[in-house]
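Subject: Handing over a structure

Hello,

I am passing this structure on to you. Please have it open while you read.

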Amino acid sequence: MGLLVGCNPPSETNGGGNGGGPDGGSTSGRAMPGKEGNSYSSGDVKIGIIASLTGELQPWGEDSLRGAQLAVDEFNAAGGLDGKKVQLVIEDTASKPEVGKSAAIKLIGEDQVLGLLGEVSSGITIQAAAVAQEEGVPIVAIGATKVEVTQAGAAVFRACFTDNFQGAAIAKFAYDELGLRNVAVMTDKKQPYSVGLSDVFKQAFESFGGKIATEEFYESGGNFDFKAQLTNVKSANPDGLFCSGYFTEVGPIARQREQVGLNVPMIGGDGWDSSKLLDSGGAGIIGGYFLNHYHNSEDRAEVKEFVSKFKAKYNMEPATAMGALGYDAALVMLDALKRTKELNSRSLMESIAGTNEVRGVSGTISIGADGNAQKPALMLKVEKGGFLAYKQIPFFVFDPSAKAGAGTEAEGQSE
């Protein structure tokens with residue numbers, strides 16, 4: 001494992017570690033909230049979490065909550081915050097952006113949480129992040145990879161990689177590892193995550209020397225007939241198919257790909273991460289590849305320990321990567337709580353900005369000036385028995401203005 005490249009997304013400030021903020025971090029280039037947020041008064045220290053506990057994103061939401069709760073329980077068992085326990089206050093977003101916004105308003109206004117965790121969906125997180133930024137309460141996104149999420153302002157952070165890294169990493173893998181040169185793209189117009197990831201993939205793949213054969217669009221939400229789009233894709237004669245959407249649609253796309261005789265490898269992003277993909281995709285998804293944050297089968301000590309603790313608490317392994325990301329997002333929040341100078345949202349925000357080398361399950365996390373975590377990713381292969389950890393792709397810089405093939409070797413981010 002170990003393609004090494006380094007990442008400076010095209011539209012973002014260089015994260016590059018910690019800068020000169022009040023707690024060793026930096027919020028340079030991002031707007032500060034106008035309000036001061038909440039302050040601790042008595043009792044438990046409240047941290048809110050928004051998660052899709054119902055609706056189509058439920059598998060991810062449940063896993064993210066389990067991971068976050070595990071981290072909080074461990075923190076409290078180890079003595080908490082100077083004897084005070086941390087309470088995770090939970091709100092269901094029902095897999096809907098507007099409910100995510102309402103949940104954030106409730107947690108900040110009624111429950112008076114000092115900080116927020118969540119969500120796994122970019123569309124939901126963008127709504128909640130706008131509320132958090134306006135109210136001055138820091139939020140650490142768990143699985144929201146769309147670049148614009150942390151551009152809301154200095155109160156918004158994330159524990160996962162961005163789509164600028166993800167899209168470029170998939171494109172480089174497709175070009176270098178699979179030898180693809182003429183890839184078709186299918187994009188879910190209804191999901192900001194899918195639109196953003198497709199945009200970065202196309203830009204990166206062409207910068208490496210490849211061509212985009214065609215792009216077809218669909219809208220998630222109940223229509224699972226993709227034969228018209230796939231027939232158009234077949235007529236463009238691609239040598240690969242990139243699907244940037246969620247597993248709920250990717251499975252049927254894979255099955256129907258076979259039915260229309262489109263015999264090319266499929267590739268995608270972390271939106272594929274669900275065991276349900278194997279059932280819905282059938283034989284059509286076998287042999288596909290997708291990028292993810294980690295996998296339960298990895299040999300790293302952090303992964304083995306996390307999976308063991310997760311099984312002991314829930315009598316099951318994490319079903320998706322969101323378990324680890326929920327755990328890691330909570331670790332970032334709890335680490336910041338321990339370092340915060342005062343128990344209020346503004347001081348907590350400054351502490352999160354100063355996050356430096358927190359050892360998480362998905363990688364060692366530092367928060368850059370852009371609010372984003374910088375860490376490697378893992379390419380998985382879809383096999384009949386499940387997903388196989390195939391190749392680690394460390395953090396790299398994608399510069400769209402660079403000439404073809406100019407992806408930069410990274411400076412030591414392998415784990």
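Below is what was found, from the whole chain down to single residues.

**Ground rules**

This is a predicted model, so local features need pLDDT of at least 70, side-chain atom pairs count only at pLDDT 80 or more, and totals for chains, interfaces and linings use all residues. Residues are numbered from 1 along each chain as its sequence is written, and side-chain values use heavy atoms, with hydrogens and water left out.

**The chain as a whole**

The protein chain has 11 helices and 14 strands. Both are DSSP runs, numbered from the N terminus: helices are H or I with at least four residues, strands are E with at least two. Of its 415 residues, 60% count as buried. Buried means under 20% relative accessible area, exposed means over 50%, and partly exposed is in between, with a 1.4 Å probe and protein chains only. Take the contacts between residues at least 6 apart in sequence: 71% of them join residues at least 24 apart. Contact here means heavy atoms within 4.5 Å.

**The five-stranded sheet**

Start with the open sheet. Its five strands come in the order β2-β1-β3-β4-β5, and the pairing is parallel. β2 and β5 (156-158) stand at the edges with a single partner strand each, so one side of each has no neighbour in the sheet. From one strand to the next, the twist averages 25°. Angles run from 0 to 180 degrees between N-to-C directions, and axes are lines fitted to C-alpha atoms, for helices over the stretch in contact.

Strands count as paired if DSSP finds at least two bridges between them. Seven bridges link β1 (residues 45-51) to β2 (residues 86-92), in the parallel sense. There, A51 has D92 of β2 as its bridge partner. β3 (residues 115-117) and β4 (residues 139-141) run parallel too, joined by two bridges. L117 is partnered by V140 in β4.

β1, helix α1 (residues 58-77) and β2 form a right-handed β-α-β unit. Right-handed means that, with the strands pointing away from the viewer, the path from the first strand over the helix to the second runs clockwise. How far should the 20 residues of α1 span? At 1.5 Å a residue the figure is 28 Å, and the end C-alpha atoms are 28 Å apart, which agrees. The expected span is 1.5 Å times one less than the number of residues.

α10 (residues 322-339) lies across β1, β2, β3 and β4, at about 165° to β3. α11 (residues 345-353) lies across β1, β3, β4 and β5, at about 40° to β5.

**The cores**

Which residues touch the most other members of the largest nonpolar core? They are L117 and L241, in a core of 105 residues. Helix α10 gives the most to this core, with 12 residues. A second, separate core has 18 residues, including A103, I108, A129 and A132. A nonpolar core is a set of buried Ala, Val, Leu, Ile, Met, Phe, Trp, Tyr and Cys residues joined through side-chain atoms within 4.5 Å.

**Around β10**

Strand β10 (residues 289-292) is covered on both faces: Y289 and L291 on one side, F290 and N292 on the other, are all buried. It pairs with β9 (residues 266-268) in the parallel sense, over two bridges. I267 stands opposite Y289. β9, helix α8 (residues 276-281) and β10 make another right-handed β-α-β unit. β10 also runs antiparallel to β13 (residues 377-383), with four bridges. F290 stands opposite L380 in β13.

Most residues other than glycine have a negative phi, and most peptide bonds are trans. Here are some exceptions.

- The peptide bond from G118 to E119 is cis, with omega near 5°. E119 lies in the loop between β3 and α3 (122-135).
- D82 is not a glycine, yet its phi is positive, about 50°. D82 sits in the loop between α1 and β2. Its relative accessibility is 73%, so D82 counts as exposed.
- S95 also has a positive phi, near 65°. S95 lies in the loop between β2 and α2 (97-109). With a relative accessible area of 13%, S95 is buried.

One glycine belongs beside them: G79, which follows α1, has a positive phi near 115°.

Best wishes
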